[in-house]
Amino acid sequence: MFTRVSICRIQTRSYYHFTNTLPGSNSTCTKWPLILNNINNGNLLVQPLRLKVSNSGGGRDGHGKIRKLWNTIFGKYLLLTNIVGSGILMVVGDVAAQQIEYRRKKDNSVHRFDLQRIGRMFIVGALQGPLHHYVYNWMDKVMPVANLRNVVKKILIDQLFMSPICIFIFFYSACYLERKTLAETNDELRDKFAFIYCMDWLLWPGAQYVNFRYLDTKYRVTFVNVCTALYNIFMSYVKHDY
């Protein structure tokens, strides 16, 4: 009797099955070819043929390309991602605000969307991207451990410093693009700042707790931008219709 070694391939892993069968017998998985290399002192040494298994539709290659693209976006080009993402999600919020304004006014004589306003909001959002990018990276370098104490410190920095700065950037850049004078901008900011800043304290501490406690540094600005897309509906309404 010979000891015959056969190979079964299940999904992408190989399992060797030893059966006591005569050569040429139709045992399980004998259709997989093997090359007998040597028999030395009763030890049977075998080398299985390497069979390339490819997934139909190139699923594995597609997954690898997506992973590579994802690592590039949130790695090498993270600053650009944060700038463009801030602008795009500012636009998303403004478009939603314009839609709400249009339906509320029910005035068919005006256009549903103001494209110039959308362009201005993209610039306003993009200007805040570098600020978020560098400040969040700095905070994570200074306070790398995501414990409760550090998270509270980061939230306070965000609310006491970042929030007012972002409100100033929003109004001054938007008013500048609207060709308003400095005096007009100051008057508008004076009228609306307190209301917006109070709303900031209702929304952002909870959102930033999740951000600083559970997310990696490279995803912080994107998370803020997603939240901002909803918050910007309110901001755009206050800026243009409040």
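The following is a conversation about the predicted model shown above.

Me: What kind of model is this, and how are its residues numbered?
Reply: It is a predicted model, in which local features need pLDDT of at least 70 and side-chain atom pairs count only at pLDDT 80 or more, while totals for chains, interfaces and linings use all residues. Residues are numbered from 1 along each chain as its sequence is written, and side-chain values use heavy atoms, with hydrogens and water left out.

Me: How many helices and strands does the protein chain have?
Reply: The protein chain has six helices and four strands. Helices (H or I, at least four residues) and strands (E, at least two) are DSSP runs, numbered from the N terminus.

Me: In which order do they come?
Reply: From the N terminus on, the order is β-β-β-β-α-α-α-α-α-α.

Me: What share of the chain is buried?
Reply: Of the 242 residues in the protein chain, 35% are buried. Buried means under 20% relative accessible area, exposed means over 50%, and partly exposed lies in between (1.4 Å probe, protein chains only).

Me: Which residues touch the most other members of the largest nonpolar core?
Reply: They are Phe170 and Ile196, in a core of 27 residues. The elements that give two or more residues to this core are helix 3 (115-142), helix 4 (148-177), helix 5 (182-214) and helix 6 (220-241). A nonpolar core is a set of buried Ala, Val, Leu, Ile, Met, Phe, Trp, Tyr and Cys residues joined through side-chain atoms within 4.5 Å.

Me: Where does UniProt place the feature "transmembrane region"?
Reply: The unreviewed UniProt entry places this feature at residues 77-97, 156-177 and 219-238. UniProt positions are given in the numbering used here, feature names are shortened, and annotations may be inferred rather than shown by experiment.

Me: What is the chain like over residues 77-97?
Reply: Residues 77-97 are 95% helix and 0% strand, with end C-alpha atoms 30 Å apart. For residues 156-177, the span is 100% helix and 0% strand, and the end C-alpha atoms lie 31 Å apart.

Me: Changing topic, how many cavities of 30 Å³ or more are there?
Reply: There are two cavities of 30 Å³ or more. The largest cavity has a volume of about 300 Å³. Of the 22 residues that line the largest cavity, the closest to its centre are Gln128, His132, Cys166, Trp204 and Thr228.

Me: How is a cavity defined, and how is its volume found?
Reply: On a 1 Å grid over the protein atoms alone, a cavity is a set of points where a 1.4 Å probe fits but cannot get out, and a pocket is an open set with protein on both sides within 12 Å along at least five of seven lines; lining residues have an atom within 4 Å of a point. Grid points are joined across faces, edges and corners, and a volume is the space filled by probe spheres set on the points.

Me: Which helix supplies the largest share of the lining of the largest cavity?
Reply: Helix 4 does, with seven residues. Helix 2 (78-105), helix 3, helix 4, helix 5 and helix 6 each supply at least two residues of that lining.

Me: Is Gln128 buried or exposed?
Reply: Gln128 counts as buried because its relative accessibility is 10%. Gln128 lies in helix 3. Not counting residues up to four places away in sequence, Gln128 touches Met90, Cys166, Ile169 and Phe170, where contact means heavy atoms within 4.5 Å.

Me: What about the second largest pocket: which residues lie nearest its centre?
Reply: They are Glu101, Lys105, His111, Arg112 and Arg117, out of 10 lining residues. The second largest pocket has a volume of about 180 Å³, and helix 2 gives the largest share of its lining, four residues.

Me: Where is Arg179, and why does it count as exposed?
Reply: Arg179 lies in the loop between helix 4 and helix 5. Arg179 counts as exposed because its relative accessibility is 77%. Phi of Arg179 is near 65°, a positive value in a residue other than glycine.
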